[in-house]
Amino acid sequence: MPRAAQRGKETGAGTQPPPVLALPAQMIEIRVDWSKMDMVEARLWYQRLKLEFENAGRILNARACKLESENWTCYMAGKPKCCPKGIKHSGIPRGTDLEHKNSDGLIKAVRVCSENCWIRYQDERITERRNAYLAEAAANG
Ligand SMILES: [Zn+2]
């Protein structure tokens, strides 16, 4: 048996690659066998990765907002009692939410045009949180 393979057998190395998070710039490599990892450790890694991806979303959305200060669309456009669809805005929006989560769970930057639309946007968020709370309460009995 080659020396390197023998060494790997003695230490248990090589049976499961360790999670890789210390990354060289501009490169992402994550190799984890989630089905075999200790549950406590797996949840810690999951939490760390989730936070990192959410942070990436916030930074990328902030960068996108800076790049697109012209011709943005109000998130509330076309919704009841809000501005009509099809209007392209420029300049500073009334409200910006860099942490808005889409239905798919990904963070998306949201810009809102006016006080009216901003109040209705906040009302939507409150309703979403209330519904999530009620669903969780119902699931937990
Ligand atoms: Zn609007």
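How many residues lie between β3 and β4 in their hairpin? There are five, and Gly-105 in the turn has a positive phi of about 90 degrees. You are looking at a predicted model, in which local features need pLDDT of at least 70, side-chain atom pairs count only at pLDDT 80 or more, and totals for chains, interfaces and linings use all residues. Residues are numbered from 1 along each chain as its sequence is written.

First, the overall layout. The chain has three helices and four strands, arranged along the sequence as α-α-β-β-β-β-α. Helices (H or I, at least four residues) and strands (E, at least two) are DSSP runs, numbered from the N terminus.

How far can each part be trusted? The guide here is pLDDT, the predictor's confidence in each residue, from 0 to 100. The chain averages 81, and 80% of the residues score at least 70. Confidence is lowest in helix α1 (residues 3-11), with a mean of 41, and highest in α3, at 94. Over residues 1-14 pLDDT stays under 50, and the model has three contacts for them beyond four places in sequence. Two residues are in contact here if their C-beta atoms, placed from the backbone, lie within 7 Å. Across the chain, 42% of the contacts with a separation of 6 or more are between residues 24 or more positions apart.

Now back to the hairpin. Strand β3 (residues 95-101) and strand β4 (residues 107-112) run antiparallel and are joined by five bridges; two strands count as paired if DSSP finds at least two bridges between them.

Next comes helix α3 (residues 115-139). Its 25 residues reach 36 Å from the first C-alpha to the last, close to the 36 Å expected at 1.5 Å a residue; the expected span is 1.5 Å times one less than the number of residues. Just after α3, Gly-141 takes a positive phi of about 90 degrees. Within the helix, Cys-117, Trp-118 and Tyr-121 are buried. A residue is buried if 20 or more other C-beta atoms lie within 10 Å of its own, exposed if 12 or fewer, and partly exposed in between, with C-beta atoms placed from the backbone. The cover over the buried residues of α3 includes β3 and β4. An α-helix has 3.6 residues a turn, so residues three or four places apart point the same way.

Buried residues make up 10% of the 141 residues in the chain. The largest nonpolar core has 11 residues in all, among them Cys-74, Met-76, Ala-109, Val-112 and Tyr-121. β4 and α3 each supply at least two residues of this core. A nonpolar core is a set of buried Ala, Val, Leu, Ile, Met, Phe, Trp, Tyr and Cys residues joined through C-beta atoms within 7 Å. In soluble globular proteins, nonpolar side chains tend to be buried together.

Leaving aside neighbours within four places in sequence, Trp-118 is in contact with Arg-94, Gly-95 and Val-112. Cys-117 counts as buried because 22 other C-beta atoms lie within 10 Å. Not counting residues up to four places away in sequence, Cys-117 touches Cys-74, Met-76, Cys-82, Cys-83, Arg-94 and Val-112.

The loop between β1 (70-72) and β2 (89-90) is worth a stop too. Ala-77 lies in this loop and is partly exposed because it has 17 C-beta neighbours inside 10 Å. The C-alpha atoms of Ala-77 and Cys-117 are separated by 8.1 Å, although the two residues are 40 apart along the chain. Ala-77 and Val-112, 35 residues apart in sequence, are 8.5 Å apart in space, C-alpha to C-alpha. Lys-81 lies in the loop between β1 and β2 as well. Lys-81 has a positive phi of about 65 degrees although it is not a glycine. Is Lys-81 buried or exposed? Lys-81 is exposed, because 9 other C-beta atoms lie within 10 Å.

Finally, turn to helix α2 (residues 39-67), where you will find Phe-53. Phe-53 is exposed, with 12 other C-beta atoms within 10 Å. Phe-53 and Leu-106 are 53 residues apart in sequence and 9.2 Å apart in space, C-alpha to C-alpha.
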